[in-house]
Amino acid sequence: MAAGLMRAGFSDVVQAPLADGGEGSLETIHESLGGSIRSTRVTGPHGSEVLAEWLVIPNGTAVIEMAKASGRALVEGRSDPLGATTRGTGELIAAARASGVRRVIVCVGGSASTDGGLGALEALGWSLRGLDVTVACDVTTTFVAAAREFAPQKGATPAQVQLLTGRLERLSADFLQRTGVDVSKVEGSGAAGGLAGGLCAIGAHLEPGFDVIARIVGLDSAMVGADLVMTGEGRVDASSFAGKVVGGVIDAAFDEGVPNCCVIAGQITEDARNHLAKLPTVLGLALTDRVWTPSEAFLRVALLVEEAALEGGRYALSSE
């Protein structure tokens, strides 16, 4: 994108890596701020030991990406929607606490489990013990709805979804009785199979992941005085405008009064095109519109992104 914009005539191009709290958030923050990568052996989603990385950024805050300890990528096709645990994520938080860290950001997304965070809470002894924990959520789903919304992606059958829904209902009631916190209607509490809700029950606060990471990387200050803001993702659909990076960048650009915004994506669905059409200052460019067959977009993605950025940059300059 940056190369295409410079070819279009922009001399000052600021690059700001972003994420929404899901997978890749730790790498995004590390790329932006630097810091110290740590590794800890913890319990994986199936109970076997895994080596999970976490990050301490220069201000002393620990960043934990739950997918590193409890993610779907760790199950290697051996999904266990009923038995998968978030215990390893709790162990990572405990390791950060033991290292002397006092503030932790937990990025949730890509979870293998729907345990409501019970495994993590048990690893933490049902207490944050003075830690200031922010959970960066990439969805707004509530606690009990997590089973219906996400368990099928983790291999759950319809019958298992029913079982998991009942488990989350009972767990929500248990949280209320043990901690006095009713997570059942908290927005985002269903993130990572309810891990967000479990951590909320013992004192963590939930925030939209995009907002957390945008604040960390200084997105607002990067936009000051900008003539164009450009962003993108692999596939833009209706969900892209609800808490994801694309929608967050567009909203931030509007708030900062940036006159032009461009979204580059591998694919843009029809409903997303309709949404973008209602935003007069936003240009949407799909790589699949630049090739004969979609498979070509995968083979030439870097070149196509640069060419799309060149087009978007020229369009913005011509509208001044």
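## Helix α8

The buried residues of α8 are A191, A192, G193, G194, L195, A196, G197, G198, L199, C200 and A201. After α8 comes G203, with a positive phi near 115°. Helices (H or I, at least four residues) and strands (E, at least two) are DSSP runs, numbered from the N terminus.

## Model and conventions

This is a predicted model, in which local features need pLDDT of at least 70 and side-chain atom pairs count only at pLDDT 80 or more, while totals for chains, interfaces and linings use all residues. Residues are numbered from 1 along each chain as its sequence is written, and side-chain values use heavy atoms, leaving out hydrogens and water.

## The sheet β7-β8-β9

An open sheet is formed by three strands in the order β7-β8-β9, with parallel pairing (strands pair if DSSP finds at least two bridges between them). At the edges are β7 (229-236) and β9 (282-286), each pairing on one side only. Neighbouring strands are turned by 20° against each other on average, direction ignored (axes are lines fitted to C-alpha atoms, for helices over the stretch in contact, with angles from 0 to 180 degrees between N-to-C directions).

Strand β8 (residues 261-268) pairs with β9 over five bridges, in the parallel sense. A265 has A286 in β9 as its bridge partner.

## Helices on the sheet

Helix α12 (residues 270-277) packs on the sheet and touches β7, β8 and β9 (contact means heavy atoms within 4.5 Å). The direction of α12 makes about 170° with that of β8. Helix α14 (residues 301-318) lies across β7, β8 and β9 and runs at about 155° to β9.

How values were computed: Buried < 20%, exposed > 50% of the residue type's maximum accessible area, 1.4 Å probe, protein only.
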